[in-house]
Amino acid sequence: MVLKGLEPSLIVSDFLAKCGGYAVVDGGFATELERHGQDLNDPLWSAKCLISSPHLVRRVHLDYLDAGANVILTASYQATIQGFEAKGLSREEAEILIKRSVEIACEARQIYHDRCTKDSWDFLDNGNIARRPVLVAASVGSYGAYLADGSEYSGNYGDSVTLETLKDFHRRRVQILAESGADLIAFETIPNKLEAQAYAELLKEEGIDIPAWFSFTSKDGINVVSGDSIQECASIADSCKQVVAVGINCTPPRFIHGLILSIRKVTDKPVIIYPNSGETYDAVNKKWVKSTGVADEDFVSYVGKWREAGASLFGGCCRTTPNTIRAIAKNLFDKSSLTLSKDDV
Ligand code: MET
Ligand SMILES: [Zn+2]
């Protein structure tokens with residue numbers, strides 16, 4: 001994509017316009033690696049596959065592109081220099097793997113476009129065809145994801161972790177990803193305000209010249225998981241020039257509508273939504289379990305409602321699959337059906 005040099009906000013508005021006003025984000029990445037037989041019970045989680053199965057990483061990206069994704073997220077969510085070093089890799093090897101995560105996603109996009117299957121073309125209203133726009137978003141998971149102790153879902157890092165700790169932890173990886181050829185950086189599953197502040201300061205201090213999105217996670221539909229206010233968190237994203245979209249991921253679908261309304265109160269930036277399947281992560285047993293209480297309807301049937309509430313980018317997070325993404329794409333772009341039956345998923 002020829003994006004460099006454009007104002008960050010123009011990059012996303014131009015991209016959304018080319019996509020037809022709304023864009024489709026990919027779905028659960030680690031989930032899909034597991035479906036392909038990978039055991040991700042490891043401190044590196046999905047990033048383990050950058051070492052052991054890069055071909056599978058590329059394959060999963062391709063599956064999401066085939067399903068209709070306009071944005072694919074790299075396998076770098078839990079790929080950290082510190083995490084790779086703990087596995088005995090050198091710093092240089094760790095940096096190469098982080099960069100490689102972006103290269104693999106770019107390769108997948110290239111393969112996808114080169115195939116020129118009918119799915120890779122969009123028919124425009126004027127009868128012309130255009131190549132479907134695809135952005136590669138370099139994923140950055142939280143400090144809690146690196147700890148791999150479930151604290152990405154509590155946002156509770158304890159008093160010893162300060163703004164500076166978080167900035168120092170993330171600094172080098174963000175620099176590498178910014179220079180890797182990715183179109184943007186996706187700060188995902190942000191559990192608290194402190195980490196959002198750290199990201200915003202890093203983007204500024206390091207003069208990062210590609211755009212970013214900030215995506216928070218919530219377990220009550222009111223606050224982010226730490227209990228910090230979603231509006232305060234979204235305001236940090238709003239004041240950061242490099243941030244081109246703000247939203248929510250890895251959060252049960254039933255909470256999304258209210259969170260979009262809260263975010264819209266403090267920012268006009270595009271809102272991105274990619275919920276999980278509604279199950280809950282049990283950090284002790286490292287398993288996803290069905291929520292008790294009211295069962296979630298499949299979230300694809302909510303997409304129309306989220307769009308009305310003001311969201312512009314839609315995808316899925318943990319436990320969602322290419323089928324979920326296919327159904328979202330159909331929901332957004334098949335003008336004749338605004339709501340999908342559950343059979344579509
Ligand atoms: C815990 S949220 C994980 C987000 C990451 N992009 C993935 O789908 O694997
Ligand atoms: Zn997730």
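Predicted model: local features only at pLDDT ≥ 70, side-chain atom pairs only at ≥ 80, totals over all residues.
UniProt, in an unreviewed entry, places the feature "binding site" at Cys250, Cys317 and Cys318. These three span 69 residues in sequence, yet no two of their C-alpha atoms are more than 6.2 Å apart, so they gather at one spot.

**The cysteine site**

- Cys250 sits in the loop between β8 and α11, while Cys317 belongs to the loop between β12 and α13 (322-333).
- Cys250 counts as buried because it has 26 C-beta neighbours inside 10 Å, and 20 or more is the cut-off for that label.
- Cys317 is also classed as buried, with 27 C-beta neighbours inside 10 Å.
- Beyond residues up to four places away in sequence, Cys250 touches Thr189, Thr217, Asn276, Cys317 and Cys318.
- With neighbours within four places in sequence left aside, the contacts of Cys317 are Gly28, Asn249, Cys250, Tyr274, Pro275 and Asn276.

- Five of the five residues of β7 (residues 212-216) are buried, so the strand is largely enclosed by the rest of the structure.
- Ala212, Phe214 and Phe216 point one way from β7, and Trp213 and Ser215 point the other way.
- β7 pairs in the parallel sense with β6 (residues 184-190) over four bridges, and Phe216 is the bridge partner of Ile190.
- Between β6 and β7 the chain passes through helix α9 (residues 193-205), in a right-handed β-α-β crossover.
- β7 also runs parallel to β8, joined to that strand by five bridges, with Ala212 opposite Val243.
- A right-handed β-α-β unit is formed by β7, α10 and β8.

**The nonpolar core**

- The largest nonpolar core holds 108 residues, and those touching the most other members are Ile72, Ile185, Trp213, Phe214, Ile273 and Phe314.
- Helix α6 (residues 91-115) gives the most to this core, with nine residues.
- Neighbours within four places in sequence aside, Phe214 contacts Phe187, Ile190, Ala196, Tyr199, Ala237, Val243 and Val246.
- In soluble globular proteins, nonpolar side chains tend to be buried together.

**Helix α11**

- The buried residues of α11 (residues 256-266) are Ile256, Leu259, Ile260 and Ile263.
- Seen down the helix axis, these buried residues fall within an arc of 105°, so they line one face of α11.
- Leu261 and Lys265 are exposed on the other side of α11.
- The elements that the buried residues of α11 pack against are α10 (230-239), β8 (243-249), β9 (271-274), α12 (303-309) and β12 (311-314).

Notes
Residues numbered from 1 in each chain as written. Chains lettered and ligands numbered in written order. Core = buried A, V, L, I, M, F, W, Y, C linked by C-beta atoms within 7 Å. Buried ≥ 20, exposed ≤ 12 C-beta atoms within 10 Å, placed from the backbone. Helix = DSSP H or I, 4+ residues; strand = E, 2+ residues; numbered from the N terminus. Contact = placed C-beta atoms within 7 Å. Arc of directions from axis to C-beta. UniProt positions renumbered as here; feature names shortened; annotations may be inferred. Pairing = 2+ DSSP bridges. Right-handed = clockwise from strand over helix to strand, strands pointing away.
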